[in-house]
Amino acid sequence: MVSQLTDSLERLRPIPSLLAQAEWEKTRNILKTPPVNELWNLGDSKNTLVRLAKETGDFELLEMKDELAISLQMCDQYAYDNVFVYFQPGDGKFKVKEPTEMAERAMKQLEEAIKVVK
């Protein structure tokens, strides 16, 4: 399971540059594909951090899981919103800073979780 966490981290690394290039769907594909999607959108029974918390008894991982899930979900939401920016009310500008910050936060959170389980 630790290898799934490190694999997820490596898969997240290209996201900031993809966002800078307005590659919204490529970003979302990373977030929605295993093992990354298991960290936030498949439920607790599939969540790697929940499974590790149960196996190790380190329930600090459950708190980390919630924070990481929010970061990944918000990154996905911002990228998704950018797909439809021209069809929505508002100023019609892409949000790059916000999803990038969420991706970077998620990577830091994942690095912390990996340190806890190693």
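Ala22 is partly exposed, with a relative accessible area of 40% (buried means under 20%, exposed over 50%, partly exposed in between, using a 1.4 Å probe and protein chains only). Ala22 sits in the loop between helix H2 (15-20) and H3. Its phi is positive, about 60 degrees, although Ala22 is not a glycine. The model is predicted: local features need pLDDT of at least 70, side-chain atom pairs count only at pLDDT 80 or more, and totals for chains, interfaces and linings use all residues. Residues are numbered from 1 along each chain as its sequence is written, and side-chain values use heavy atoms, with hydrogens and water left out.

**Overall build**

- The protein chain has six helices and zero strands (DSSP runs numbered from the N terminus: helices are H or I with at least four residues, strands are E with at least two).
- From the N terminus on, the order of elements is α-α-α-α-α-α.
- The C-alpha trace spans about 50 × 25 × 20 Å along its principal axes.
- Of the 118 residues, 41% count as buried.
- Take the contacts between residues at least 6 apart in sequence: 65% of them join residues at least 24 apart (contact means heavy atoms within 4.5 Å).

**Surface and charge**

- The protein chain exposes about 6600 Å², and carbon and sulfur atoms supply 51% of that area (Shrake-Rupley method with a 1.4 Å probe; for residues, only the protein chains shown count as cover).
- There are 16 positive and 20 negative charges, and their mean positions are 3 Å apart (Lys and Arg count as positive, Asp and Glu as negative; His and the chain ends are not counted).
- The place of each charge is taken as NZ of Lys, CZ of Arg, CG of Asp or CD of Glu.

**Aromatic pairs**

- A search of the whole structure finds two aromatic pairs (rings of Phe, Tyr and Trp, the last by its six-membered ring, pair if their centres lie within 6.5 Å; planes under 30 degrees apart count as stacked, over 60 as edge-to-face and the rest as tilted).
- Trp24 and Phe94 form a tilted pair, with 5.3 Å centre to centre and 40 degrees between the planes.
- This pair links distant parts of the chain, 70 residues apart: Trp24 is in helix H3 (residues 24-31), while Phe94 is in the loop between helix H5 (60-83) and helix H6 (97-117).
- Trp24 is buried at 9% relative accessible area, whereas Phe94 is partly exposed at 37%.

- Leu12 belongs to helix H1 (residues 2-12).
- With a relative accessible area of 2%, Leu12 is buried.
- Beyond its neighbours within four places in sequence, Leu12 is in contact with Ile30, Leu31, Val36, Leu72, Met107 and Leu110.
- Leu12 and Ala103 are 91 residues apart along the chain, yet their C-alpha atoms are separated by 7.2 Å.

- Gln109 is in helix H6 and is buried, with a relative accessible area of 16%.
- Leaving aside neighbours within four places in sequence, Gln109 is in contact with Glu67, Leu68 and Ser71.
- Gln109 and Val50 are 59 residues apart in sequence, and 15 Å apart in space, C-alpha to C-alpha.
- Lys65 is found in helix H5 and counts as buried at 11% relative accessibility.
- Not counting residues up to four places away in sequence, Lys65 touches Asp44, Asn47, Leu49 and Val50.

**Backbone geometry**

- Most residues other than glycine have a negative phi, and most peptide bonds are trans.
- The peptide bond from Pro34 to Pro35 is cis, with omega near 0 degrees.
- Pro35 lies in the loop between H3 and helix H4 (48-56).
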